[in-house]
Amino acid sequence: MTNKRFLEVLTPANSQMIFIDQQPQMAFGVQSIDRQTLKNNVVGLAKAAKVFGVPTTITTVETHSFSGHTYPELLNVFPGNPILERTSMNSWDDQNVRDALAANVAKGHKKIIVSGLWTEVCNTTFALSAMHDAGYEIYMVADASGGTSLEAHNQAMQRMVQAGVVPVTWQQVLLEWQRDWAKRETYDAVMDIVREHSGAYGMGVDYAYTIVHKAPERAQHGNTIGPKPAV
């Protein structure tokens with residue numbers, strides 16, 4: 001029987017984000033998704049969380065001895081956020097992480113949206129532990145996470161789904177938070193994220209804005225010259 005709590009649409013009021021080990025050495029091992037696409041999706045998701053005021057936790061593992069610093073593009077979205085450093089592969093084993101999540105849950109942000117590396121280790125152990133120990137609701141962003149192989153990523157996602165984790169994609173999260181294009185206070189910022197990070201969808205938005213609605217182009221450039229057929 002369907003658990004009714006998972007029927008709730010994600011909203012800024014019921015959501016919080018955690019980025020787990022989005023660090024270069026961890027990304028070097030990712031083989032389940034193109035790594036540049038992965039970073040694009042992570043940063044797009046981060047910008048969405050910022051636009052909607054969703055509380056966001058950033059945690060890292062063994063930064064100086066192995067993993068390196070979190071992507072600067074991600075940190076630039078949240079310049080004031082603390083970075084919770086760990087030794088444990090499982091973020092749930094760190095008390096600072098538990099405390100940060102619990103503080104947000106106490107304010108109603110009960111749905112924890114996860115983007116992390118690697119899917120089969122850090123994401124899976126965190127999700128299972130947080131559900132088992134605290135009964136948290138976990139939403140796993142499949143295309144803003146990565147595993148050491150496509151098989152490893154897929155099997156980890158299946159294991160988590162069997163345990164009750166909800167699989168989502170980053171753009172799905174963005175659009176659930178927006179929900180209604182009449183919400184003008186976030187509309188422009190969402191369109192900026194779409195144009196920057198949503199590939200063909202973003203290209204289509206640029207086309208519709210400039211060609212259909214005659215909005216100015218986003219880029220400044222020199223004068224258009226021609227055509228002048230050669231003879």
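Helices here are DSSP runs of H or I spanning at least four residues, strands are DSSP runs of E spanning at least two, and both are numbered from the N terminus. The views below show a predicted model, in which local features need pLDDT of at least 70 and side-chain atom pairs count only at pLDDT 80 or more, while totals for chains, interfaces and linings use all residues. Residues are numbered from 1 along each chain as its sequence is written, and side-chain values use heavy atoms, with hydrogens and water left out.

View 1. Trp118 sits in the loop that runs between β4 (111-116) and α6 (119-134). Pro227 belongs to the segment after α10 (199-212). For background, most peptide bonds are trans.

**View 2. Glu62 and Lys214, two residues with a positive phi.** Most residues other than glycine have a negative phi. Glu62 is not a glycine, yet its phi is positive at about 45 degrees. You will find Glu62 in the loop between β2 (56-61) and α3 (63-67). With a relative accessible area of 30%, Glu62 is partly exposed (buried means under 20%, exposed means over 50% and partly exposed is in between, using a 1.4 Å probe and protein chains only). Lys214 is not a glycine either, and its phi is about 60 degrees. Lys214 lies in the segment after α10 and counts as exposed at 64% relative accessibility.

**View 3. Strand β5, enclosed by the rest of the structure.** Strand β5 covers residues 137-141, and because five of its five residues are buried, the strand is largely enclosed by the rest of the structure. In a regular strand the side chains alternate between the two faces of the sheet.

**View 4. The neighbours of β5: β4 and β6.** Strand β4 pairs with β5 in the parallel sense over four bridges (two strands pair if DSSP finds at least two bridges between them). In this pairing, Ile113 stands opposite Tyr139 of β5. Strand β6 (residues 166-168) also pairs with β5 in the parallel sense, over three bridges. Here Tyr139 stands opposite Val166 of β6.

β4, α6 and β5 make a right-handed β-α-β unit, and so do β5, helix α7 (residues 150-163) and β6. Right-handed means that, with the strands pointing away from the viewer, the path from the first strand over the helix to the second runs clockwise.

**View 5. Lys111 and its salt bridges to Glu8 and Glu137.** The structure holds nine salt bridges (a side-chain nitrogen of Lys or Arg within 4 Å of a carboxyl oxygen of Asp or Glu). One of them joins the side chains of Lys111 and Glu8, at 3.0 Å from N to O. This pair links distant parts of the chain, 103 residues apart, with Lys111 in strand β4 and Glu8 in the segment before β1 (15-20). Lys111 is buried at a relative accessible area of 0%, whereas Glu8 is partly exposed at 34%.

Lys111 also meets Glu137 in a salt bridge, at 2.6 Å from N to O. Because Lys111 lies in strand β4 and Glu137 in strand β5, this pair ties together parts that are 26 residues apart in sequence. Both Lys111 and Glu137 are buried.

**View 6. A salt bridge between Lys39 and Glu73.** The closest N and O atoms of Lys39 and Glu73 are 3.0 Å apart. The pair links distant parts of the chain: Lys39 is in helix α2 (residues 35-51) and Glu73 in helix α4 (residues 72-75), 34 residues apart. Glu73 counts as partly exposed, at 32% relative accessibility.
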